[in-house]
Amino acid sequence: MAPLDHTSDKSLLDANFEPGKKNFLHLTDKDGEQPQILLEDSSAGEDSVHDRFIGPLPREGSVGSTSDYVSQSYSYSSILNKSETGYVGLVNQAMTCYLNSLLQTLFMTPEFRNALYKWEFEESEEDPVTSIPYQLQRLFVLLQTSKKRAIETTDVTRSFGWDSSEAWQQHDVQELCRVMFDALEQKWKQTEQADLINELYQGKLKDYVRCLECGYEGWRIDTYLDIPLVIRPYGSSQAFASVEEALHAFIQPEILDGPNQYFCERCKKKCDARKGLRFLHFPYLLTLQLKRFDFDYTTMHRIKLNDRMTFPEELDMSTFIDVEDEKSPQTESCTDSGAENEGSCHSDQMSNDFSNDDGVDEGICLETNSGTEKISKSGLEKNSLIYELFSVMVHSGSAAGGHYYACIKSFSDEQWYSFNDQHVSRITQEDIKKTHGGSSGSRGYYSSAFASSTNAYMLIYRLKDPARNAKFLEVDEYPEHIKNLVQKERELEEQEKRQREIERNTCKIKLFCLHPTKQVMMENKLEVHKDKTLKEAVEMAYKMMDLEEVIPLDCCRLVKYDEFHDYLERSYEGEEDTPMGLLLGGVKSTYMFDLLLETRKPDQVFQSYKPGEVMVKVHVVDLKAESVAAPITVRAYLNQTVTEFKQLISKAIHLPAETMRIVLERCYNDLRLLSVSSKTLKAEGFFRSNKVFVESSETLDYQMAFAESHLWKLLDRHANTIRLFVLLPEQSPGSYSKRTAYQKAGGDSGNVDDDCERVKGPVGSLKSVEAILEESTEKLKSLSLQQQQDGDNGDSSKSTETSDFENIESPLNERDSSASVDNRELEQHIQTSDPENFQSEERSDSDVNNDRSTSSVDSDILSSSHSSDTLCNADNAQMPLANGLDSHSITSSRRTKANEGKKETWDTAEEDSGTDSEYDESGKSRGEMQYMYFKAEPYAADEGSGEGHKWLMVHVDKRITLAAFKQHLEPFVGVLSSHFKVFRVYASNQEFESVRLNETLSSFSDDNKITIRLGRALKKGEYRVKVYQLLVNEQEPCKFLLDAVFAKGMTVRQSKEELIPQLREQCGLELSIDRFRLRKKTWKNPGTVFLDYHIYEEDINISSNWEVFLEVLDGVEKMKSMSQLAVLSRRWKPSEMKLDPFQEVVLESSSVDELREKLSEISGIPLEDIEFAKGRGTFPCDISVLDIHQDLDWNPKVSTLNVWPLYICDDGAVIFYRDKTEELMELTDEQRNELMKKESSRLQKTGHRVTYSPRKEKALKIYLDGAPNKDLTQD
């Protein structure tokens, strides 16, 4: 690539440009300098669009003219290089435009900048990270010396103690100014700059009241840092036209008469008086805040006043000062607030929009004990108070939000500039006038909450005094520590520039590598300089992938790779010395390809990959061994025929091409036999990366139709087989084979009956369940007896009665385990068996709820959301899968004649027990049998799985049903499938039980984990129920007790009888049956009280994952009928600011009058003084005592409880009540703050949010120690 000589006189044709074609130019750096855009004549610069731009810049990417694309603002160099104005901008972190505007104003103030430079930081005394003055020094040095277009402010905000979230908080620039000045004063204590803020910005005024009868005047001296000027007087539709007019209104006195009369100390009575403010002293730097934000009491919204208010370039303040009044008569009352009230004017007019009322501190709380400050004359004559404007902070937007930027006049060249975050440009006096506000046309001004306009918000003037007006320090005038800081920052910036240059020439691309021993695909990012050679890049990738101890370097190479298609695009033979920039097509932000670090064995050679080839992964199939080998990669061309492709594969795998069958897997389980020899690979559907299966044998299977061949079945099985990791119980009772042997040794299965009798806890108490289940239970018993006689399993009628298998003490644990089947592989093709062999299993696990250790998420919903593509029909009918295949249930290929024609058979257990029926009852039984693959072998899990745990690695056909899967696991668990539960492990180790036995494993995927837990599965009509204790007056009213089993047809009293011994043994609760009740639980809310005679599934709907409250009673149960209503009442005592404990009130009807009578009865409040309100939210409906008196809907005008706005139709509603004659306690600010903190702490512990808040906006704070303290009073 030959460079073009820009000084040559050659034409483009002579320079080898081709006419009529696209010609590409490569723009590169020359002599290490970045490309620059040639600027036009600088004389026209002032009139250019960018120089005169004022206001928020359009966002990058917005629609604009074609000139946008050649604008300096969008060029690479302009982003890095300083603006042509010579000034440096500030980067907006997110919403820190208000901070940028203030910082630029302070930087452009000579007196402030010079004083800041004279302060010297002592690193031994303070951490530089948290030192606000030092970070401001660094920022100012960078603004003055940096070559960048804009610099960051993160170091400054970090010194404020702010984190990244503060960057997303929008604040008021005047608020920031006051808080920052307070922070600087604290940091500058006992230094030369201790009084700098006061010397520059502080003024004094007199707040006076003069009696109109005797002339007595009471006054006090206040200090101020800024003067807030009202835009539009309260109640007026006419705004002040100018700043001068607003200043006159500021000092205009008001007459106190009528009910507002002033008590005169001299007259000893209330008299008419004049109240007002007088300026005594103006600061050197005068700050005026235009109060454009107000509150509209009509719409109850904050609004922005966009009225026009002019301000002069020179402001004469001599007309507003009263020099003669600086000394007050000795006989008059005088109080001097001094520095205590600094920054606040103590006047209704001077209160700003962001007040710190209600005890919320804004900024830094200072406790100073300054004495009376004597007033001295400024020494300036009235005609010398001429101020010149040099900073206008502009707000663009509405009261809901907006953008700040600053227009600042430089005292060096008297030129105005717009500092708009990172953009700095020249502006004119005409642009300043545009910030006066208002608009053209008949509308005049905007006053809605979201009306947006751009206008001045804060003005800063400097006194014109040649004796005091300073100039910026020259470089040779810098103090020595600033010179050192300048040098340090320059070195850092040069280092950053070099690093940025390296980054700009670094290729960053994804790197993959298949680990040669672990066979795991590793991923990383390769960052290589564009001038590094391919050989050097291979060495870098080799070290990055940690292959030094695994394989020699010469056994590795880099190839072009497409990770998405798993396709090797090309190799780079003979290009070891080629720079990576050329190989990769230059330095780009993203690449359309990746790199693969390919490895080989020392005795192998690398294959050449050419562009245009397709990659084929060939799996060799062995029909006799029924195995599919690992893939071998070959390269082919799309225009090759199938015959040529067979010859290619034959050479690679050494199999005869004559009998070769090739099957292409185009997508998941879409198998296509390549049978037409003359077709090309492209016609057969080959793409960049392909997967084929090859078989070459002379068996008769070659002659069969492909869909019926052994090859198809084997590949179908291979495609549907997944690998699962199964965690067995920690103490398994023993293997199924040993259990069977133990039974045979005893002569019959009676030994198992004896084992099952060793269950801890009462067994006889559960016999009531058997009596309730009636016909379905009798059928279950008969099947269990038949299984006992056949010796097929160890289940018995007694074992089915036990409530939980976890407490069985099996003697098998004491026997030798040398013959355990856990150490063998089980690989078998299971022929569908008779349903009676595991009939009880299908029934038992159909409605199991989550284990106690699992989440409260509904497992039925979870199972539904992760359900398989199809479900196995109990009648073995074909059901279509999403992939188009047919699935047959392995659980029932045929039925016995005894079950034929019966509608209610074993496969309807799920429907009866509350779980959705997941099969098609219309399906017909087929004689075909489905083979489902299952292979299990011991697996050594990672460390940390715990001692005593055993893992299985299971390869299984995912079309198998959960019932059949559990059957296969029986020999490894050591118990029948009806006595263990299957939990699927999700992310974050969350476990959810799989309960639908007719559902397949299609929702599972490779390497999913499964946990097996011992425990009796539920029988038909049974439900596992979680029992929680309701503690209405405790901090945590909901406490988990235990898992219980309730059955369809059981009464509430019967379930209570069964709970009593479980509560005694598991929870230590000794309860009598008449001293507790059960009631509905909805989330944390107590609901309907269940009466003893209620029957589950008849009077009470019961479902999967059911939860119930157990409530201990103080006395005899008052609820006797469903017509009664139980509510929870709580008295609010406003005079004490506290809530009494809950008391239950049982009503005979829904009458409000009856509720009032009951509340009057338990509280002693007269009936006519009772007021009540319904609680809001989740039980216990907690609310702050600061809010309850006014926030609730007290005393609704209704006669019954079951209508709006109460809607109390069920037990458990919360009612607050009070005595309407009781007065609310008067709180001081200190008491309110203390109470609010206590309430905040209390409600946060109970999980309820504090609704009381004195303000919605987050207060702006600067933390002097650099670390914010958590304030519970903040939202």
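Which residue in β41 is the bridge partner of Lys 1026?

What we have here is a predicted model, where local features need pLDDT of at least 70, side-chain atom pairs count only at pLDDT 80 or more, and totals for chains, interfaces and linings use all residues. Residues are numbered from 1 along each chain as its sequence is written, and side-chain values use heavy atoms, with hydrogens and water left out.

Let me start with the overall picture. The protein has 27 helices and 49 strands; helices (H or I, at least four residues) and strands (E, at least two) are DSSP runs, numbered from the N terminus. Of its 1275 residues, 50% count as buried. Buried means under 20% relative accessible area, exposed is over 50%, and partly exposed is in between, using a 1.4 Å probe and protein chains only. Then there are the contacts, meaning heavy atoms within 4.5 Å. Among contacts between residues at least 6 apart in sequence, 73% join residues at least 24 apart.

Now back to the opening question. The bridge partner of Lys 1026 is Asp 1043, in β41. Strand β40, residues 1022-1030, pairs with β41 in the antiparallel sense over 9 bridges. Two strands pair if DSSP finds at least two bridges between them. These strands belong to an open sheet of 5 strands in the order β41-β40-β44-β42-β43, with mixed pairing. At its edges stand β41 (1038-1047) and β43 (1085-1090); each has a single partner strand, so one side of each lacks a neighbour in the sheet. From one strand to the next, the twist averages 40°. Lying across β40, β41, β42 (1076-1082), β43 and β44 (1106-1112) is helix α24, residues 1052-1067, which runs at about 130° to β41. For angles like that one, axes are lines fitted to C-alpha atoms, for helices over the stretch in contact, and the angles run from 0 to 180 degrees between N-to-C directions.

Next, please look at another open sheet. Its 5 strands come in the order β21-β20-β24-β22-β23, and the pairing is mixed. Here β21 (521-529) and β23 (567-571) are the edge strands, each with a single partner, so one side of each is without a neighbour in the sheet. Neighbouring strands are turned by 40° against each other on average, direction ignored. Helix α11, residues 534-544, packs on this sheet and touches β20 (506-514), β21, β22 and β24 (594-599), with its direction at about 140° to that of β21.

How do the strands of this sheet pair up? β22, residues 556-562, and β23 are antiparallel over 4 bridges, with Asp 562 opposite Tyr 567 in β23. β22 is also joined to β24 by 6 bridges, and those two run antiparallel; there, Cys 556 stands opposite Thr 599 in β24. On to β20 and β24, which pair in the parallel sense over 2 bridges, with Leu 511 opposite Leu 595 in β24. As for how covered β24 is, 5 of its 6 residues are buried.

Let's move to a pair of helices. The axes of α4 (residues 132-145) and α6 (residues 173-187) come within 9 Å and cross at roughly 110°. That makes α4 roughly perpendicular to α6; on this scale, under 35 degrees is roughly parallel, over 145 roughly antiparallel, 65 to 115 roughly perpendicular and the rest oblique. Ile 132, Pro 133 and Leu 136 of α4 meet Ala 183, Leu 184 and Lys 187 of α6.

Some of you will want to know about the cysteines. How many disulfides are there? The count is 0, where a disulfide is a pair of cysteine sulfur atoms within 2.5 Å. The sulfur of Cys 211 has its closest cysteine sulfur in Cys 214, at 3.7 Å, which is too far for a bond. For Cys 264 the closest cysteine sulfur is also in Cys 214, at 3.6 Å, again too far. Cys 211 is buried, at 1% relative accessible area, and Cys 264 is buried at 0%.

Asn 114 sits in helix α3, residues 110-118. Is Asn 114 buried or exposed? It counts as buried, at 8% relative accessibility. Leaving aside neighbours within four places in sequence, Asn 114 is in contact with Ala 470, Lys 471, Phe 472 and Leu 473.
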